[in-house]
Every structure is written in structure tokens, then in C-alpha cells.
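Subject: Structure for you to look at

Hello,

Here is the structure I said I would pass on. Please open it and keep it in view while you read the notes below.

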Amino acid sequence: MIKSPRGTRDLLPPDTALWNFVEAAVRDVFRAYNFHEIRTPIFESTELFSRGVGEETDIVTKEMYTWLDHAGVHSDEFLQICELVVNPPPGNPYADVQKRASALLAASRMRGQSLTLRPENTAGVVRAYIEHKLWERGLNKLFYIGPQFRRERPQKGRYRQFYQIGAEIIGPAASGSQSPARDAELLELLATLLERVGIKDWTLELNSVGCPADRVKFNEALRQALAPAVEKMCADCQRRAVTNPLRIFDCKVPEDQPIIATLPTIGQFLDEDCHAHYAEVKNILNAVGVPYVENARLVRGLDYYTRTAFEFTHGALGAQNAILGGGRYDGLAESLGSPQAAPGIGFAIGEDRLVLSLAATADSVARKPDVYVAPLGVGMNREAARVARELRRHDPAADLVVELGDETFRLKKSFEAADKMGARYILIVGENEVAADAFALKHLASGEQVTVARGELARRILRK
Ligand code: HAM
């Protein structure tokens, strides 16, 4: 049996109803906050992520799906080489084949481009911002919903193909993109969004990771603090201590944690502007009544963050409890080649985790048929199809869900089918009914049966 690859999964009904419910609710919330949808490609050039997300991050060092995209694999030359392998000429065939194959490979490597399945969407949005000169539009408020890919060890709530619902606010500084009001608005939007989909027990963890100048001081302090202990740490941390000490906070090795707990925190190194920005974000959150807890060790796993960094956690999720994360990334656009500054802030919700924490309500969201149309007897498929079409087209606003049976089913089998799918009514379409132009309509839960004229059917079914 061919199974779906490790870390991927099929989303099946009725669960997909919950996914659709979540996506419809978040689209409503985004609309209320004047966000607009952006769709970027599922793969991008590898360089976008190594430069954007950061060379030393777990995502870039271990988790990306990257391949060399060869041009001309089916070139004439390639086919000639295949031909040579299949029908080798007399003499010393392999020398010739090898020579031509290695030349072809070298040329192919030169022409090939390194591509990567997107592990996150912020870098792609910023790339699109630069490519389409979106600064000309002023402040951009963009959202996306779609799959992301990371080669992580799969477990509950952690997949290799997972889905994110994210948003980014980005624009030239003059558009107000740098204002702490945007940070607070985004966090308040998230509180609204989680409430709207029915998630109550969340905790917002908040920190400021400062600006690049603060980080230089912080990294230096980390190097000094690490000097006496670093050789007792894991190989990754020993490397990070040299290349990017901040990433030591990503370490999950239990033996390293006591050392990490003694390290200085970024808050001690914030400059005045970063302090003021952070204080204003908290002031607005207090004013609008969005609760938060400060976590001085929250640095997030991607390199692009500046100033505000946050995560929302949810108790019911166990080990993978971060339901969403985000923060400000004021220098990212310039590092990806933007000719002008484009401060920004955004978040991404793990949709798989959001849906997991709502799983208990799955049944109430799935829509069941209002009516099962049961043809009874030979030739009745045609008549039942007509009735079903009338009901389905009746009034789009009425939104009837109609299921259509088959004339080869005996009445008992039609009842069983209607029952199994949770239909509210069964409608019998037999010869007598067609002749009378009135149909037997039975309410399955109460057993109550009435005869209803064709023109009245939709209205009657709509009555609960
Ligand atoms: P992130 O923290 O890497 O941030 O991912 C955001 C969320 O995606 C996580 O909190 C988690 O819920 C979900 N997630 C991550 N990896 C997996 C996985 N393997 N399986 C299931 N869910 C997962 C970002 O991706 C940033 N781009 C967020 C952002 C937007 N920052 C600024 N703008």
C-alpha cells in the first residue's frame, strides 16, 4: 500500500468542516481589520530563506526541503546519453558515456537553480513587497492561508506539511508601519480571532528583542557569559556560541538548560527607543484589555525579529503548545534587497494546532443534509433528479443541503442511508407522488410524515 509521506496527512470530512469554519471565521476577522489576501508561491529560491530566516536557524540548517532544479534534463544530449547506455557502441563504451555524462552534469548544475519548499511565509511576502514595489501603496495589511514545509520529527501538532494562517503589516516608515500602535493592533486582532473561533485558554507571551545594535551588545555579553561553560554544551550550541549566540536559546537539549538559565536576557541591553516602543505596546494592550505575560527569554526561532516578539500558547496542546508566533522585523526588507526601509510586523498561526484545540466541537460544525430525496421504483431517478434540482436551485439564500438516492435502493435501504448521513428529512419520489405532484416528506427524528405539494417542498423543509 502506498501511504502519505511521513509527517504529512490527509484531511478528511468531517474534520475539513472544522478547517473551513476556522478559515471562514478568520477571513471575517481580517476583513473587519482591513487586511487583504496575498498568495505567494509554495516554493521560492533557497537564498530567500537562508538570507531572510537566517543561516544559523534550525529551519535553515536542518529543516528545509531543498533541491537543485535542473534545466534541460530532457535535452537531446541527455537522450543521446541514455541511448548510449542502452545500446553501447563496440570498443570502450563507458569512457565516452562517462565523459559526456559528467560534462552534462556540470552544465546542468550551473544552469540549475536551488529551490526550497517554503518553510514559512514572511520571507515570501517581503520578497513580493519588493518585487512589486508595494511601498507605492503605503501601508500594506496582508494575510495568507496555506501550507508550509519543514523536515521536523513528526508528533502530535508537529507535521512536515502544516498550514499557517498569517498576516503581515508592512510599508515605508512614513506610512506608520513602525508605530507601536500597529504591534498592539495586531495582538488585539489575535485576541479577537481566537475568541471568534472559540479558543479561550490562551496566554500571550511578550518580549522585546531590541534592534540590531542592541543585539551586538547582547551577543557579546552572551559570548562572555558562555566562555566558561560552552565546552560542556551540545555541538550545536558550541557552533552557535561562535556564529550567533542568540540562537543558543533555541536549544532543546536538557543538559544545556541549567547553563542557558544563567545567561543574561536581551531586556538588559535595549536602547531608549526600543524601551519606549515596548512600553507603548504594553500601554495600548492594557488600555484595550488584552492580557499578556512578559517572557524575557522569548527570542523566537527566526533571525529577522526586532523589537516586539510574541507567542500565544494553549494549555491543551501539550508539548507543541505554541499555537502562533510572530513579531516585528524592521530590517528584513533591506536585507532582502529593498531600496528603502520597510518596517513590518506579523504573525503566523499553526492552523493544524488551532484545529486540534477545537477538535471537540467538530461535530457541531459539520453540515448534514436537510433532505434525502429517495427515488422509489424503476424510472424514478429521472423524477427524483428533477425534484432535487428544484430544491437545490430554490433560493440560494435558503441554502438547503440536498442528497439524492438511487432507484435501485429499496425503501428500507434509502431510510438507512438517510439515517447514516444524519439527514433531517427523507422525501419519497414514487409513481403515485409524481402523478399527484405531492410528495411524502418524513421527519426522521420524530417519524412525523406529511404530504407536501411540489411548490411547497422547499419552504416546508426549511421549517426546523
Ligand atoms: P513560527 O513560530 O516558526 O513563525 O511558526 C508559527 C506557528 O506555526 C507556530 O507557532 C506553530 O503553531 C506553527 N508551526 C510551526 N512549525 C510547525 C510544524 N512543523 N507543524 C505544525 N505547526 C507548526 C513563523 O513561521 C513566522 N513566519 C511568523 C511570523 C509572521 N513572524 C512575523 N510574521
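Predicted model: local features only at pLDDT ≥ 70, side-chain atom pairs only at ≥ 80, totals over all residues.

Start with the open sheet, which has eight strands in the order β1-β5-β6-β11-β10-β9-β7-β8. The pairing within this sheet is mixed. Its edge strands are β1 (36–37) and β8 (293–294), and each of these pairs on one side only. As background, strands of a sheet pair through backbone hydrogen bonds, and the pairing is either parallel or antiparallel.

Towards the β8 end of that order you will find β7 (residues 202–208) and β9 (residues 306–314). These two strands run antiparallel and are joined by seven bridges. To find one of the bridges, look for Trp-202, whose partner in β9 is His-314. Helix α11 (residues 272–288) packs on the sheet and touches β7, β8, β9 and β10 (322–328). The direction of α11 makes about 160 degrees with that of β7.

Strand β6 (residues 161–170) is worth a separate look. Eight of its 10 residues are buried, so β6 is largely enclosed by the rest of the structure. What does β6 pair with in the antiparallel sense over 10 bridges? The partner is strand β5 (residues 140–149). Within this pair, Gly-146 has Gln-164 of β6 as its bridge partner. β6 also pairs with strand β11 (residues 344–350), again in the antiparallel sense, over seven bridges.

The ligand

How many residues surround the ligand? There are 27, and the closest are Glu-120, Glu-152, Tyr-159, Tyr-305 and Ala-322. Strands β6, β10 and β11 each supply at least two residues of this shell. The largest share comes from β10, with six residues.

- Arg-300 has a polar side-chain atom 2.9 Å from an oxygen atom of the ligand.
- Tyr-304 has a side-chain N or O atom 3.0 Å from a nitrogen atom of the ligand.
- Ile-323 has a backbone N or O atom 3.3 Å from an oxygen atom of the ligand.

On its own the ligand has 660 Å² of accessible area, and the protein covers 96% of that.

Helix α6 (residues 122–131) is mostly covered, with eight of its 10 residues buried. The buried ones are Thr-122, Ala-123, Gly-124, Val-125, Val-126, Ala-128, Tyr-129 and Ile-130. Which elements cover them? The cover includes β2 (43–45), α2 (46–52), β5, β6 and α12 (332–335). Just after α6, Lys-133 takes a positive phi of about 50 degrees.

Asn-121 is in the loop between β4 (113–117) and α6. Is Asn-121 buried or exposed? Its relative accessible area is 3%, and the cut-off for buried is under 20%, so Asn-121 is buried. The side chain of Asn-121 makes a polar contact of 3.5 Å with the side chain of Arg-118. Leaving aside neighbours within four places in sequence, Asn-121 is in contact with Thr-40, Tyr-144, Gln-148 and Gln-164. Gln-164 is the residue named above as the bridge partner of Gly-146.

Val-209 sits in the loop between β7 and α8 (212–226). With a relative accessible area of 3%, Val-209 is buried. Not counting residues up to four places away in sequence, Val-209 touches a list of residues that includes Arg-215, Ile-266, Leu-270, Tyr-305 and Ala-309. Tyr-305 is also among the residues closest to the ligand. Val-209 and Ala-227 are 18 residues apart in sequence, and their C-alpha atoms are 22 Å apart in space.

Thr-265 belongs to the loop between α10 (257–261) and α11. Its relative accessibility is 16%, which is under the 20% cut-off, so Thr-265 counts as buried. With residues up to four places away in sequence left out, Thr-265 touches Phe-218, Ala-296 and Arg-297.

That is what I have for now.

Regards

Technical notes. Residues numbered from 1 in each chain as written. Heavy atoms only, no water. Pairing = 2+ DSSP bridges. Helix = DSSP H or I, 4+ residues; strand = E, 2+ residues; numbered from the N terminus. Contact = heavy atoms within 4.5 Å. Axes fitted to C-alpha atoms, helices over the stretch in contact; angles between N-to-C directions. Buried < 20%, exposed > 50% of the residue type's maximum accessible area, 1.4 Å probe, protein only. Near = heavy atom within 4 Å. Polar contact = N/O pair within 3.5 Å; in protein donor to acceptor, adjacent residues only side chain to side chain. Areas by Shrake-Rupley, 256 points an atom, 1.4 Å probe, with all protein chains shown as cover.
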